[in-house]
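Dear colleague,

Please find below the structure that I am handing over to you, with its sequence. I would ask you to keep it open while you read the notes that follow.

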Amino acid sequence: MGGRLLLFGGVALALILIGQRLDFMAPVRTQLSLVAAPFYWVVDVPSRVVGQFSDVISSRRELMADNERLRAESLILNAKLQKYIELRAENVRLRELMNSAERLNDTVVVAEVVAVASDPNRHQLVVDKGSRDGAFVGQPVIDATGLLGQITEVGLLQSRVLLITDSAHALPVRVSRNGLRAIAEGTGLIDELALTHVAATTDIQVGDLLVSSGLGGRFPGGYPVGEVIEVSIDPGQPFAEVRARPMAKLDRSRNVLLVFSEQKSEE
Amino acid sequence: MESHAHGLWFVVVSLLAALLLSISPLSGDWAWARPDFVLLMLVYWLLALPERIGVFVSWLCGIVLDILQGVVLGQNAFALAVIAYIIQVSYQRLRMFSLRKQAAFISFLELFHILVDQWAQNINGVAHTHWLVFLPALSTGLLWLFLRPIVGWFQRLFAVY
């Protein structure tokens, strides 16, 4: 009995102490996460059944309303797209003038959220795309409205996404109004980001849009991250306290997008 | 396993169900109070079938839970293995406890589990400690009051021994 405790407790203790410090642990975790796939599949059954059921029973009127809304949306988006094409051409021209590298389009893959972290302290999602679909550790994840997070663990069929509001997450951002750079840290609250080390004299206002700056090389630049909701400047403190609300619907998105950014090669 | 076992499939099913419950989505603030289903189920079987369910089964459940929750590998395994040992050396006394006294004891076991989790996450640099993380100690103890009679009924129904 005591011997067993020494053996298994010792193994577990060693695993805790090793943590992520040794390189060989990452592939081991990838293999182990295969165990999790069937569990997540079962847990997801109720929401899938409800989804299908509501598909079946949704009334004709609802469908027509939906259809109309989608038509209107598509019209608006198409109109915006025309402008976008024009703007892109202009952008490319300007970049050529400036001799800077052209940024290629990012391709995305749609993934479905199959689980959220059961511990409310940890802002994580599990999505149904894994290494089989080309997902990789560090891959940026977005939704329709903004930057969501990054992949921290890849299994064969599923991967784990760390959200930008997790207290262990931080990303470089830029204020889109004036290009001011800052670091947006997760606070552990699902609707709040904190900007750290922003000097009290900095030009930053409530309502400013924060976009990913592309510095740090993990996230591609230009994706909306959050909107500044509070700037409090205490004359006694060297830094302003800036809080922002994430743009992405972190606790509502069912479908997310994995971004494959094509970095322009050197030649 | 020298004596003939019966109905052990129910032990497996109940442990799997506990694992599923521990990752099933709970809305908003309720997630803070999620009872530790795996601990409760393990404690039940450790008390009911001490010669079959022991440190190894607890450890295995812990490892699976670590993988499911995506936490530091070994944190649940370590805590549950130690808890299994504590129960194994004292199950004869624990069985004599009243239901409420058992619940209080389980609250303390869960508190130990939470502390191990926090410690393991802290040394791996991912913890964000909020006092609400200790809420499961209370809810786990409370749930034991209902869970033991219910699982006991099932155990008699399926003649698990």
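R252(A) is exposed, because 10 other C-beta atoms lie within 10 Å of its own and a residue counts as exposed at 12 or fewer. Please bear in mind throughout that this is a predicted model. R252(A) sits in the loop that joins β11 (239-246) to β12 (255-260) of chain A. Between R252(A) and V228(A) there are 24 residues in sequence, and their C-alpha atoms are 20 Å apart in space.

Where is W30(B) found? W30(B) belongs to the loop between α1 (8-23) and α2 of chain B. W30(B) has 10 C-beta neighbours inside 10 Å and therefore counts as exposed. M41(B) is eleven residues away from W30(B) along the chain, and the C-alpha atoms of the two are separated by 20 Å.

H197(A) is not a glycine, yet it has a positive phi of about 55°. H197(A) is part of strand β8 (residues 193-199) of chain A. H197(A) has 12 other C-beta atoms within 10 Å and is therefore exposed. A159(B), which is not a glycine either, has a positive phi of about 50°. A159(B) lies in the segment after α6 (135-157) of chain B, and with 9 other C-beta atoms within 10 Å, A159(B) is exposed.

**Chain B as a whole**

Chain B contains six helices and zero strands. Read from the N terminus, its elements follow the order α-α-α-α-α-α. The C-alpha trace of chain B spans about 45 × 30 × 30 Å along its principal axes.

How does the radius of gyration of chain B compare with that of a compact globule? A compact globule of 161 residues would have a radius of gyration near 15 Å, and chain B has 15 Å, so the two agree. Of the 161 residues in chain B, 42% are buried. If one takes the contacts in chain B between residues at least 6 apart in sequence, 72% of them join residues at least 24 apart.

**Helix packing within chain B**

Two packed helices are described by the angle between their axes and the distance between the axes. Helix α2 (residues 37-48) of chain B packs against helix α4 (residues 75-96) of chain B at an angle of about 45°, and their axes are 9 Å apart. The pair α2(B) and α4(B) is therefore oblique, and α2(B) passes α4(B) in a right-handed crossing. On the side of α2(B), the contact is made by L39(B), L42(B), V43(B), L46(B) and L47(B). On the side of α4(B), the residues include L80(B), I83(B), A84(B) and I87(B). By class, the contact of α2(B) with α4(B) has eleven nonpolar residues, one polar and one charged.

α2(B) also packs with α6(B), at an angle of about 50° and with the axes 10 Å apart. α2(B) and α6(B) are therefore oblique to each other, and their crossing is right-handed. In α2(B), the residues L39(B), L40(B), Y44(B) and A48(B) take part. Among the residues they meet in α6(B) are T140(B), L143(B), W144(B) and L147(B). The contact of α2(B) with α6(B) comprises eight nonpolar, two polar and one charged residues. Please note that L39(B) takes part in the contact with α4(B) and in the contact with α6(B).

**Where the two chains meet**

How many residues of each chain are in contact with the other? There are 32 from chain A and 35 from chain B. Which elements of chain A give two or more residues to the side that touches chain B? They are α1 (2-18), α2 (25-57) and β1 (107-116) of chain A. That side of chain A consists of 18 nonpolar, nine polar and five charged residues.

One helix pair spans the two chains: the axes of α2(A) and helix α3 (residues 55-69) of chain B come within 9 Å and cross at roughly 80°. This angle makes α2(A) roughly perpendicular to α3(B). L32(A), S33(A), V35(A), A36(A) and F39(A) of α2(A) make the contact with V64(B), I67(B) and L68(B) of α3(B). Seven residues of the contact of α2(A) with α3(B) are nonpolar, one is polar and none is charged.

Yours sincerely

Key
Residues numbered from 1 in each chain as written. Chains lettered and ligands numbered in written order. Predicted model: local features only at pLDDT ≥ 70, side-chain atom pairs only at ≥ 80, totals over all residues. Helix = DSSP H or I, 4+ residues; strand = E, 2+ residues; numbered from the N terminus. Rg over C-alpha atoms; globule rule 2.2 N^0.38 Å. Buried ≥ 20, exposed ≤ 12 C-beta atoms within 10 Å, placed from the backbone. Contact = placed C-beta atoms within 7 Å. Nonpolar A, V, L, I, M, F, W, Y, C, P; charged D, E, K, R; others polar. Axes fitted to C-alpha atoms, helices over the stretch in contact; angles between N-to-C directions. Parallel < 35°, antiparallel > 145°, perpendicular 65-115°, else oblique. Left-handed = near helix turned anticlockwise from the far one by under 90°.
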